Amino acid sequence: MPDVELRELRVFLVLAEELHFGRTAVRLGLTTSRVSQTVRALERKLGGRPLFRRTSRVVELTEAGSALYDDLSPAVNGLERVLRTATFRGSGPGVVRVGLLNAASGVEVLSRAIEQFETTYDGATVQLSTTPFNDRLGPLRRREVDLVVTRLPLDQPDVVVGPVLSADDQRVVMVGRTHPLAGRAELSVEDLADHAVRRPYGLTAEAAEATCPSRTPSGREIHFVDAAVDDNAELLYLLARGRLVHPTVAPFAEHFQHPDVLTIPIRDLPPSACALAALKDIADPARDAFTDIVASLAG
């Protein structure tokens, strides 16, 4: 067998994902020359066939590199999972801090995962905290929490998306009982262009656009209002007064109810998903052990 080291395989896998020596070096805390040297050493050990095609502008996987990636990725991920679990067991009790905006989505999987995690690892605990409306990834980036529950899509360079907690949350609009839209059985995005819509608040640009597009399918501009809302009680009050409409997801609307606020499905937006997310390339055996349990329960 070739004398291949795990660090060489990690470098290969990250470069295969990034297809960029500079980004790979940043992710792994190496120099670009060290990344290049490691890949060349791996190629020699595996028979000399190139794994990447390199030009001054492009890095691509060769056929051999692509085949190796497909075979190697699940094997290395499985090995790293075993090593993370062994490290966590050896280090004693751990605390995993999870931030979430509310308990409206993914709570079933999350609750079962917490119970299994705390049962499996003696003394380990999961602490839940609320993330603010206007800074949903801030606690993660400031390392006040280890994981956050977040809406997808999420495409941030410093954040990696983990297991999905819920995959088919219906898109809805919350409106006041006296609002002109209140009598409708369902709505389209086109309907929203005629009314003041609360801008999706505190979300990344990609998640905000998925929650409510800035333009309708016919090209009409959605009239967003920047309502400064600090909590859910204030949001419900403004909705009940008919001041605005609020595009969201069914679990949120079911969790936060008001007698004067109705929920209407949006027929032309695809379902929403939420998932756990973590900072990229941060070592944390307790967090990773908990994430593995979530992934096993989420299927």
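## Questions on a predicted chain

The secondary structure of the protein chain comprises 11 helices and 12 strands. The model is predicted.

Me: Why is His 179 called buried?

Reply: Its relative accessibility is 9%. Buried means under 20%, so His 179 counts as buried. His 179 is found in the loop between strand E7 (171–176) and helix H7 (189–192). Leaving aside its neighbours within four places in sequence, His 179 is in contact with His 195, Gly 242 and Val 245.

Me: Why does Asp 260 count as partly exposed?

Reply: The relative accessible area of Asp 260 is 36%. Asp 260 sits in the loop between helix H10 (250–255) and strand E11 (261–265). Apart from neighbours within four places in sequence, the contacts of Asp 260 are Val 175, Gly 176, Arg 177 and Ala 240. The C-alpha atoms of Asp 260 and Thr 178 are separated by 8.0 Å, although the two residues are 82 residues apart along the chain.

Me: What makes Cys 212 buried, and what makes Cys 274 buried?

Reply: The limit for a buried residue is under 20% relative accessible area. Cys 212 has 2% relative accessibility and therefore counts as buried. Cys 274 has a relative accessible area of 1% and is therefore buried.

Me: Which residues have the most contacts inside the largest nonpolar core?

Reply: They are Val 96, Val 98, Phe 117, Val 149, Leu 276 and Phe 290, in a core of 22 residues. At least two residues of this core come from each of strand E3 (95–100), helix H5 (107–120), strand E5 (147–151), strand E12 (272–279) and helix H11 (285–298). Beyond its neighbours within four places in sequence, Leu 276 is in contact with residues including Val 98, Leu 110, Val 149, Phe 290 and Val 294.

Me: Why is Leu 19 called partly exposed, whereas Arg 143 is called exposed?

Reply: Exposed means over 50%, and partly exposed lies between that limit and 20%. Leu 19, at 34% relative accessibility, therefore counts as partly exposed. Arg 143, at 52%, therefore counts as exposed. Leu 19 has a positive phi of about 50° although it is not a glycine. Arg 143 has a positive phi of about 60° and is not a glycine either. Leu 19 is in the loop between helix H1 (6–18) and helix H2 (21–28), while Arg 143 is in the loop between H6 and E5.

Me: What makes up the lining of the second largest pocket?

Reply: The lining residues divide into 16 nonpolar, 10 polar and 6 charged. About 500 Å³ of space lies in this second largest pocket. Of its 32 lining residues, the closest to the centre are Leu 101, Arg 136, Thr 150, Arg 151 and Leu 203. Two or more lining residues come from each of helix H6 (138–141), E5, helix H8 (205–211) and strand E10 (246–249).

How values were computed:
Residues are numbered from 1 along each chain as its sequence is written. This is a predicted model: local features need pLDDT of at least 70, side-chain atom pairs count only at pLDDT 80 or more; totals for chains, interfaces and linings use all residues. Side-chain values use heavy atoms; hydrogens and water are left out. A nonpolar core is a set of buried Ala, Val, Leu, Ile, Met, Phe, Trp, Tyr and Cys residues joined through side-chain atoms within 4.5 Å. Buried means under 20% relative accessible area, exposed over 50%, partly exposed in between (1.4 Å probe, protein chains only). Helices (H or I, at least four residues) and strands (E, at least two) are DSSP runs, numbered from the N terminus. Contact means heavy atoms within 4.5 Å. On a 1 Å grid over the protein atoms alone, a cavity is a set of points where a 1.4 Å probe fits but cannot get out, and a pocket is an open set with protein on both sides within 12 Å along at least five of seven lines; lining residues have an atom within 4 Å of a point. Grid points are joined across faces, edges and corners, and a volume is the space filled by probe spheres set on the points. Ala, Val, Leu, Ile, Met, Phe, Trp, Tyr, Cys and Pro count as nonpolar, Asp, Glu, Lys and Arg as charged, and the others, Gly among them, as polar.
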